[in-house]
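Please keep the sequence and the coordinates open while reading.

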Amino acid sequence: QVQLVESGGGLVQAGGSLSVSCAASGRTFSSYAMAWFRQAPGKEREFVARITWSSGFTRYADSVKGRFTISKDNAKNTVYLQMNSLKPEDTAVYYCASRRGTVGDYDFWGQGTQVTVSS
């Protein structure tokens with residue numbers, strides 16, 4: 001099992017910045033990649049960004065490319081999402097997730113943290 005705890009959400013004005021963190025504990029050595037997803041009210045959960053633990057290879061959704069940066073601290077088993085130039089449409093609950101395999105579904109999820117961007 002891997003436990004994930006997000007933190008750092010909040011309220012920010014459009015154009016502002018916010019950073020969220022995800023601390024992993026438990027069998028973290030079994031994790032291949034970490035990702036951020038988000039879910040806005042009335043919408044399906046969507047992929048935001050992903051990073052692999054070993055190589056640090058990243059991938060982003062087109063909607064956040066150039067504005068968001070995912071990073072990691074292996075020593076702290078923590079993944080970060082730096083969000084810049086925020087837009088009201090970025091408002092959502094942000095979830096981090098862990099995946100054991102190189103492909104496939106994510107196995108473990110955090111409880112989520114609310115990010116609200118006011119216009």
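**A strand pairing and its sheet**

The bridge partner of Val5 in strand 3 is Ala23. Strands here are DSSP runs (E, at least two residues), and helices are likewise DSSP runs (H or I, at least four), numbered from the N terminus. The model is a predicted one, in which local features need pLDDT of at least 70 and side-chain atom pairs count only at pLDDT 80 or more, while totals for chains, interfaces and linings use all residues. Residues are numbered from 1 along each chain as its sequence is written, and side-chain values use heavy atoms, with hydrogens and water left out.

Strand 1 and strand 3 (residues 18–26) run antiparallel and are joined by six bridges. Two strands count as paired if DSSP finds at least two bridges between them. In general, strands of a sheet pair through backbone hydrogen bonds, either parallel or antiparallel. The sheet in question is open, has four strands in the order 1-3-8-7, and its pairing is antiparallel. Strand 1 (2–7) and strand 7 each have a single partner strand, so they form the edges and one side of each has no neighbour in the sheet. From one strand to the next the twist averages 20°, where axes are lines fitted to C-alpha atoms (for helices over the stretch in contact) and angles run from 0 to 180 degrees between N-to-C directions.

**Salt bridges around Arg38**

A salt bridge is taken as a side-chain nitrogen of Lys or Arg within 4 Å of a carboxyl oxygen of Asp or Glu. By this rule the count is five. Which residues are linked in a network of salt bridges? The network consists of Arg38, Glu46, Arg67 and Asp90. Between Arg38 and Glu46 the closest N and O atoms are 2.6 Å apart. Arg38 has a relative accessible area of 5% and is therefore buried, a class that means under 20%, with exposed over 50% and partly exposed in between (1.4 Å probe, protein chains only). Glu46, at 34%, is partly exposed.

Arg38 also meets Asp90 in a salt bridge, with an N to O distance of 2.9 Å. This pair links distant parts of the chain, since Arg38 lies in strand 4 (residues 33–39) and Asp90 in the loop between strand 8 and strand 9, 52 residues apart. Asp90 has a relative accessibility of 0%, so Asp90 counts as buried.

Another salt bridge joins Asp62 to Lys65, with the closest N and O atoms 3.1 Å apart. Both Asp62 and Lys65 are exposed.

Thr52 lies in strand 5 (residues 46–52). Is Thr52 buried or exposed? Its relative accessible area is 1%, so Thr52 is buried. The side chain of Thr52 makes a polar contact of 2.7 Å with the side chain of Ser55. A polar contact is a pair of N or O atoms within 3.5 Å; within protein, one must be able to donate a hydrogen and the other to accept it, and residues adjacent in sequence count only if both atoms are side-chain atoms. A polar atom of the Thr52 side chain also lies 3.0 Å from the backbone nitrogen of Phe57. Leaving aside residues up to four places away in sequence, Thr52 touches Tyr32, Ala33, Phe57 and Lys72, contact meaning heavy atoms within 4.5 Å.

**Two loop residues with positive phi**

Asn77 lies in the loop between strand 7 (68–73) and strand 8 (78–83). Phi of Asn77 is near 50°, which is positive although the residue is not glycine. With a relative accessible area of 25%, Asn77 is partly exposed. Ser85, in the loop between strand 8 and strand 9 (92–99), is another residue other than glycine with a positive phi, near 50°. Ser85 counts as partly exposed at 41% relative accessibility.

**The chain as a whole**

The protein chain has eleven strands and zero helices. Of its 119 residues, 44% are buried. Among contacts with a separation of 6 or more, 52% are between residues 24 or more positions apart. Along the principal axes, the C-alpha atoms fill a box of roughly 40 × 25 × 25 Å.
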